[in-house]
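Here is a short tour of one protein chain, going from its overall build to a single residue. Have a look at the fold first, then read on.

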Amino acid sequence: MGLTSLFLEVENKNVFILGTGEVAKRRAHRFLDKGANVILAGNSIDDELTEKGAILTPLKDLDEMVKWSDIVITASGDEELCEYIASISQGKLINRADKPEKGNIIAPTSFLIDDIEISIFTNGQSPLMARELRKKIQSIITQEDILEIKLQDYARKILKERIASQKTRKEYLENILDDEEIKQCLKEGKLDEAKGLVENLINSNLSQ
C-alpha cells in the first residue's frame with residue numbers, strides 16, 4: 001500500500017456513508033464534528049447523529065448519493081453492495097471500512113489532547129494495538145507539554161512580525177524551549193507569566 005499520512009480539509013465537503021452500523025456511525029460523527037455534510041444509507045440513525053445534521057437516505061438512491069459525494073465510505077456488512085459502491089466511485093476519495101486495502105483513504109484511530117490531534121495507523125495489522133498505543137501516548141503527554149505548545153505558538157507569532165529570517169526565528173524558539181525559568185512557569189501552570197518572559201527575552205535580544 002502506497003499510503004502516507006495527511007490531514008484533509010472536510011468542512012462543507014459531502015460525505016456519503018454506506019451503512020448505519022457502529023463503524024458507520026463512528027465515521028459519521030467524525031466527519032460531522034469537522035463540519036462535513038453527511039448522508040448515510042441504511043436502516044436507521046440515532047437522534048444524536050440527526051441533531052448534528054446527518055441525513056438518512058434509502059438504499060435505492062445509491063447512485064445519486066455517490067454522484068453527490070466528495071468522499072465515499074463503505075461500512076456495510078453487505079459485501080456485494082460495498083463492491084458495487086466501490087465500482088461506481090472511481091475518481092472519488094473512498095474509504096473502504098469493510099476492506100481498507102481496497103480504498104484510497106484511511107481513517108486511522110485519532111484522538112485529541114487539548115488542541116493536539118494524534119492519529120495512529122498500524123497498516124491494518126492491529127486495530128487493537130492502535131488502541132493500546134493511544135493509551136500509552138495519552139499517559140505520557142503532560143499539561144506542561146500542552147502549555148509549551150501554546151507558548152511556542154505565541155512566540156512564533158511575535159517573531160514572524162519582527163524577524164524575517166526563519167533560521168533566526170528557529171534559534172529564538174529553541175532558546176525559549178530550553179529556558180529554565182520559562183520551564184518552571186509552565187510546570188506551575190503560569191502561562192501568562194511565561195509569555196511575559198518570552199517577550200522580555202525577545203525584546204532584550206533585539207535591542208542588543
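Residues 24 or more positions apart supply 45% of the contacts with a separation of 6 or more in the protein chain, a contact being heavy atoms within 4.5 Å. Do keep in mind that this is a predicted model, where local features need pLDDT of at least 70, side-chain atom pairs count only at pLDDT 80 or more, and totals for chains, interfaces and linings use all residues. Numbering starts from 1 along each chain as its sequence is written, and side-chain values use heavy atoms, leaving out hydrogens and water.

The chain has 9 helices and 7 strands, which are DSSP runs (helices: H or I, at least four residues; strands: E, at least two) numbered from the N terminus. Its radius of gyration is 23 Å, well over the 17 Å that the globule rule gives for 208 residues, so the chain is more spread out than a compact globule. That radius is taken over C-alpha atoms, and the rule is 2.2 Å times the number of residues to the power 0.38.

| Side chains | Number in the protein chain |
|---|---|
| Positive | 29 side chains |
| Negative | 37 side chains |

Now zoom in on threonine 74, which sits in strand E4 (residues 71-74). Threonine 74 is buried, with a relative accessible area of 0%; buried means under 20% (1.4 Å probe, protein chains only). Its side chain makes a polar contact of 2.6 Å with that of aspartate 98, such a contact being a pair of N or O atoms within 3.5 Å, one able to donate a hydrogen and the other to accept it.

Methods
Lys, Arg positive; Asp, Glu negative; His and termini not counted. Charge placed at Lys NZ, Arg CZ, Asp CG, Glu CD. Buried < 20%, exposed > 50% of the residue type's maximum accessible area, 1.4 Å probe, protein only.
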